[in-house]
Amino acid sequence: MTSLATQIGTLRLKNPIIAAAGEHLQTASGIRAALAAGAAVVIAKSTNETAAARLQLEQAEYRLLDDNWNVQPWTFRAPVPPFVLSRSGLIGREVDDWVAEIAGLDAEAATQNAYVAGSLVLADLDAGIEIGRKFQRAGVRILEFNIGTPYGDEARVVTTERSAERVATVVRAMRQAVDKTALWVKLTGQSENVAALAQAARQAGADAVVMIGRPLGMLPDLETMRPMINTNAAYGGRWALPLSCYWLAKTRQALGPHYPLIGTNGAQDGLDAARMLLAGACAVEMCTAVLAGGFGVIHDTLEQLERYLDGKQLDAAALIGRAADTVQSFAEQPAHGSWRQHVPPQTLQG
Ligand SMILES: Cc1cc2nc3c(=O)[nH]c(=O)nc-3n(C[C@H](O)[C@H](O)[C@H](O)COP(=O)(O)O)c2cc1C
């Protein structure tokens, strides 16, 4: 029997599957369902100090799409369609109230060898630091600090930090205030160099980085001839897995094998989780697959990952970074003229 255990800084997780923040994790019952399904960590729905971000949740919208861009029903059954367009907001609860509830749930999770993390989406830095302190005072053991939501250009109540200097500034300030709680920093993928953002977060004291946040997209609706869900939107789904794996591997190469990276964006089952581990993640955050496929996805993901590990006779920790560490250069590849099998026949007739 192989071991699923993994390590994020000083925290040992019983397995690498983390329920990522989303609408399904804004109630105690949703969080308990994710814990019962086996998640090692559940990231509670994010908060911040702004009333506008809360209102934005009521203005949120969601579409699952197939590979012809047809809207698919939301069935709470896996597998979920490959593409998702959405616009979200933050939890509609008062900060103090939510922090207290998360602290209680985290204490409960500790009895199951699991964690419930608080999550803060950056708007104003001073106000965010106050909320960080509240999580720490309440005894919440992990704070996820999301400084890379997709919506920074669309809504002024959240930020998308794209420069390493800004990442360093905001993470250092939060680290000074939150010195006893594990600090995980969630980064945008909307950057030409995500690894540099990770390096800045690490130097500023983050215990781990979570990567990569979803990009923005806009999909015209052929019927209405307007943008689907009326706005630009976060664009996610399984298609994004290789992009996340690319930045995990690049970041591992830049920062070395010992700094904990947490993968997010595109993992939908146990084999995808294995792919993210191979790319360099120590743990994998899953949102869309659970939100649209139901909490059972967490249990099924763990079972499938365990079967894969049993087949390979490897512990989860032994997967981390194996593919990242064997990425070769283009120049090293054999010159076997493969292009001839990848052009239409007419190209080769003349
Ligand atoms: C509807 C929805 C709501 C989300 N809400 C939050 C949130 O409150 N805080 C946060 O940090 N990330 C949030 N996310 C991002 C997810 O936690 C996750 O990082 C992202 O969707 C990529 O992973 P996935 O492919 O497993 O969905 C949300 C994502 C979706 C689809």
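Reader: Which residues of H3 are buried?

Author: Two conventions come before the reply. Residues are numbered from 1 along each chain as its sequence is written. The model is predicted, so that local features need pLDDT of at least 70 and side-chain atom pairs count only at pLDDT 80 or more, while totals for chains, interfaces and linings use all residues. A residue is called buried if 20 or more other C-beta atoms lie within 10 Å of its own, exposed if 12 or fewer, and partly exposed in between, with C-beta atoms placed from the backbone. The buried residues of H3 are Trp98, Val99, Ile102, Leu105, Asp106 and Ala109. They lie on the same side of H3, because they cover an arc of only 130° around the axis; the arc is that of the directions from the helix axis to the C-beta atoms.

Reader: What do the buried residues of H3 pack against?

Author: Contact means that the C-beta atoms of two residues, placed from the backbone, lie within 7 Å. The buried residues of H3 pack against helix H1 (28–36), strand E8 (115–121) and helix H4 (125–138). Helices (H or I, at least four residues) and strands (E, at least two) are DSSP runs, numbered from the N terminus.

Reader: How many residues has H4, and what span is expected?

Author: The expected span of a helix is 1.5 Å times one less than its number of residues. H4 has 14 residues and reaches 20 Å from its first C-alpha to its last, close to the 20 Å expected. Its buried residues are Gly128, Ile131, Gly132, Lys134 and Phe135. These cover an arc of only 155° around the axis and therefore sit on the same side of H4. Their cover includes H3, E8, strand E9 (142–146) and helix H5 (164–177). Just after H4, Gly139 takes a positive phi of about 95°.

Reader: Is Ser119 buried or exposed?

Author: Ser119, in strand E8, counts as buried because it has 26 C-beta neighbours inside 10 Å. Leaving aside neighbours within four places in sequence, Ser119 is in contact with Ala21, Ile43, Ala44, Lys45, Ser46, Glu144 and Asn146. Ser119 and Glu144 are 25 residues apart in sequence, yet 4.6 Å apart in space, C-alpha to C-alpha.

Reader: Which residues are closest to the ligand?

Author: A residue is near a molecule if its C-beta atom, placed from the backbone, lies within 6 Å of it. The ligand is surrounded by 26 residues, of which Ala20, Ala21, Ser46, Cys287 and Thr288 are the closest. E8, strand E15 (283–286) and helix H9 (288–293) are the elements that give two or more residues to this shell. H9 gives the most, with three residues.

Reader: What is the order of the strands in the open sheet of five strands?

Author: Two strands pair if DSSP finds at least two bridges between them. The order is E6-E5-E7-E13-E12, with antiparallel pairing. Strand E6 (71–72) and strand E12 (216–217) are the edge strands, each pairing on one side only. Strands E5 (residues 61–65) and E7 (residues 83–87) run antiparallel and are joined by five bridges. Leu64 has Val84 as its bridge partner in E7.
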